[in-house]
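Please look through the structure shown below before reading on.

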Amino acid sequence: MSILLPKPMKYKFFTPGVIVITIFALVGIAFVLGRFVFGIGAITNLDNQYPWGIWIGLDVALGVALAAGGFTTAALAHIFHKEEYETIVRPALLTALLGYTFAAASVSIDIGRWYYIWHALIYWNGNSALFEVGICVMMYLTVLYIEFLPIVTERFIGHVNLPGILSKLNNVIDKGLRILDRTLSKFMFVFIITGVVLSCLHQSSLGTLMIIAGDKMHPLWQTPILPLLYLVSAIGVGFPMVMFESVISSRAFRLKPETHILEKLSEMMPPLLGVFIIIRSVDILIREAYVYLAEFSSVSIMFSIELIVGFVLPLRLFMSKEVRKSPNMLFIASSLVIFGVFMNRFNTFITAYTPPYADYSYFPSIGEISVTLGFVALEVLLYRAFVMIFPVISVPTEEKSAKTKYAIRGILR
Amino acid sequence: MKNQSRRDFLKITTISATALVGASATKLFASGNPTSSIDPMGVLVDTTVCIGCRKCEWACKKAHNIDTKPIEDYDNRSAFENYRRPDHTSLTVVNEFRNPTAESKPYDVKVQCMHCNEPACVSACIVGAMTKQENGSVIWDTDKCIGCRFCMVACPFQIPTFEYHKALQPDITKCDFCFERTKEALLPACVEICPVEAVTYGKRSELLKLAKKRINLYPERYKEHILGEHEVGGTSWMYLAGMDFDKLKFPKLSTKAAPGVSEAIQHGIFSYFVPPASLFALLGGIMWLNKNKSKSEPDTE
């Protein structure tokens with residue numbers, strides 16, 4: 001009987017598509033270097049009226065939201081112990097790992113004094129939502145790396161093969177890896193729970209950020225329940241992101257899409273999206289912010305696209321049984337949710353923000369867009385490299401002894 | 001038996017984690033910012049008195065070691081052609097507005113940090129580089145600042161500015177109420193130089209009395225509104241004007257404290273780490289229950 005087992009993918013790294021992505025990555029890196037040499041002003045369209053742009057609104061706020069699949073699948077598979085989802089935990093974990101790493105990288109290039117980023121660790125301001133986000137993201141990033149360690153040990157235990165004189169160390173390193181593996185498996189549950197708690201905290205605090213902008217925020221997005229909306233939408237976009245990637249990697253590596261798991265995941269989507277739509281609508285009604293929808297403006301258009309195309313339409317799609325059974329349709333529906341959350345983050349951080357002394361609107365510069373695209377490209381490249389080096393993506397395997405290896409470490413047995 | 005010890009282990013871990021974060025919570029929320037005294041110092045700006053000589057701009061630059069042209073150049077009134085905002089080249093600027101009732105008497109409005117009683121920038125700052133001092137000044141600490149610009153997002157008056165042209169050690173710049181001068185019992189530079197006493201330095205409560213007296217004495221000269229008395233919870237700097245403040249390019253603001261509900265939410269989510277710790281315990285419990293459940297069920301494979 002064949003079972004699904006995570007294995008390193010064996011393909012050529014460079015394909016024409018990958019080369020295009022590499023070019024994007026290089027352009028992005030060039031602009032990052034430019035930022036370090038010439039300053040933020042030279043590369044971005046930011047100024048004293050618009051201090052935050054897409055590096056915060058998209059790279060950080062959206063990037064962290066799209067990485068939510070890491071904690072939602074971990075909760076599903078390990079805390080609620082639904083073993084059938086094990087195959088998606090590792091790809092989601094890798095996405096989260098890369099997503100958070102690049103969110104942190106974006107923060108580092110956006111802050112003026114990047115070499116002082118460690119100040120957040122020693123000068124605490126408990127009143128600041130940004131402090132909460134900063135600390136939680138740093139801690140969660142550490143947790144993500146620890147959660148990924150068992151995949152590294154699994155890859156190298158019994159395969160440590162250093163060349164030349166270093167080969168004397170092979171045995172020692174192998175022993176060390178085995179001890180690390182055993183220790184990790186005992187304590188992993190602590191990190192898994194910590195990861196979920198930290199995620200809930202900073203996903204919501206990302207929403208709290210813009211509340212302090214007060215009247216500078218358009219009432220369609222300025223609401224005291226922004227943190228709740230951010231948390232709910234992050235949980236809502238986690239599974240679509242997993243489905244989106246699953247379909248893409250099954251194409252890229254010519255695997256059969258995991259239709260069964262995708263279908264089960266998609267069954268959870270209507271309630272998740274429904275809850276968001278209900279909270280969002282009730283909030284708009286209670287605060288009487290709907291008056292701004294009566295006027296035809298860029299703001300009301302952006303709001304409508306966000307809610308209708310990004311949430312209501314995919315809700316309708318996910319409710320249909322035909323859609324849930326078709327990987328292609330699931331891909332479209334998932335893309336819409338991702339688009340919806342993209343719009344939501346873009347709108348709260350950029351569309352809604354209207355400083356009092358600007359008679360112009362902020363639009364990201366070529367440099368800002370290039371860096372954002374470059375980071376996404378780097379994430380894709382690293383993802384591809386990681387799944388080729390490490391056992392992340394599950395493929396049908398005949399191995400008999402696999403059952404014990406397959407079980408994810410760190411759950412109480 | 002093995003199962004038993006694991007269970008205890010989980011329990012102990014959960015409890016100790018809860019205790020640990022609980023203990024560190026006290027430290028986190030004790031590190032609050034120094035709050036201003038009940039009656040801080042302030043400045044009353046009377047825009048009906050200001051003649052737009054811009055001497056204050058010069059004095060401010062001198063006091064803060066910012067490059068400046070000679071004082072005579074400030075008589076050139078072409079500076080009023082465009083509306084200007086403070087930045088790293090000038091921590092205060094004066095703008096001129098047309099007076100609809102008397103063409104020959106334009107209104108000149110000095111702009112600088114308002115030094116809010118409950119400043120949004122202080123609440124927002126990730127590292128506590130912005131602080132409210134006892135004498136009312138809101139000042140910035142270059143040794144802490146990481147340049148994240150969240151203070152600029154937060155400020156309802158859009159006052160803090162950033163040195164975008166600098167690749168290394170860019171500053172957040174804004175009026176510091178001449179903190180270094182007032183420490184030595186000197187007047188703020190702009191107050192000291194003003195030839196017409198358009199700016200008055202004093203205790204905030206006294207300035208409010210003074211402002212009300214002026215409005216009562218000359219009701220035709222002033223709008224019955226002291227900007228900064230109630231706006232965003234009150235500010236150390238306050239303004240009198242002969243026309244509506246929004247026509248003088250002041251933002252329309254509510255009387256709610258500048259940080260708004262942001263702090264309440266932060267403290268609600270954390271309130272001494274009880275909610276996160278409870279979530280941790282809850283998830284631990286769910287994990288343990290589900291594990292046991294799947295153990296007791298026969299293997300389906």
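**The second largest pocket**

In this predicted model, the residues that line the second largest pocket divide into 23 nonpolar, eight polar and four charged.

*Pocket*
- The second largest pocket has a volume of about 1,000 Å³, and its lining is made up of 35 residues, among which A:Met241, A:Phe244, A:Glu245, A:Val376 and A:Val380 lie nearest the centre.
- At least two lining residues are supplied by each of α1 (16–38), α3 (54–66), α5 (86–110), α9 (226–252), α15 (327–351) and α16 (366–389) of chain A, and the largest share, 10 residues, comes from α16(A).

*Nonpolar cores*
- The largest nonpolar core holds 191 residues, and those touching the most other members are A:Trp52, A:Tyr100, A:Leu209, A:Leu265, A:Phe349, B:Phe150 and B:Leu248.
- Helix α7 (residues 129–156) of chain A gives the most to this core, contributing 14 residues.
- A second, separate core has nine residues, including B:Ile215, B:Tyr222, B:Ile226 and B:Leu240.
- When its neighbours within four places in sequence are left aside, A:Tyr100 is in contact with A:Val64, A:Ala67, A:Val137, A:Tyr140, A:Leu141, A:Leu144, A:His202 and A:Gln203.

*Helix α15(A)*
- Of the 25 residues of α15(A), 18 are buried, so that this helix is mostly covered.
- At 1.5 Å a residue, α15(A) should span 36 Å, and this agrees with its end C-alpha atoms, which are 33 Å apart.

Note on methods
Residues are numbered from 1 along each chain as its sequence is written. Chains are lettered from A and ligands numbered from 1 in the order in which they are written. This is a predicted model: local features need pLDDT of at least 70, side-chain atom pairs count only at pLDDT 80 or more; totals for chains, interfaces and linings use all residues. Side-chain values use heavy atoms; hydrogens and water are left out. On a 1 Å grid over the protein atoms alone, a cavity is a set of points where a 1.4 Å probe fits but cannot get out, and a pocket is an open set with protein on both sides within 12 Å along at least five of seven lines; lining residues have an atom within 4 Å of a point. Grid points are joined across faces, edges and corners, and a volume is the space filled by probe spheres set on the points. Helices (H or I, at least four residues) and strands (E, at least two) are DSSP runs, numbered from the N terminus. Ala, Val, Leu, Ile, Met, Phe, Trp, Tyr, Cys and Pro count as nonpolar, Asp, Glu, Lys and Arg as charged, and the others, Gly among them, as polar. A nonpolar core is a set of buried Ala, Val, Leu, Ile, Met, Phe, Trp, Tyr and Cys residues joined through side-chain atoms within 4.5 Å. Buried means under 20% relative accessible area, exposed over 50%, partly exposed in between (1.4 Å probe, protein chains only). Contact means heavy atoms within 4.5 Å. The expected span of a helix is 1.5 Å times one less than its number of residues.
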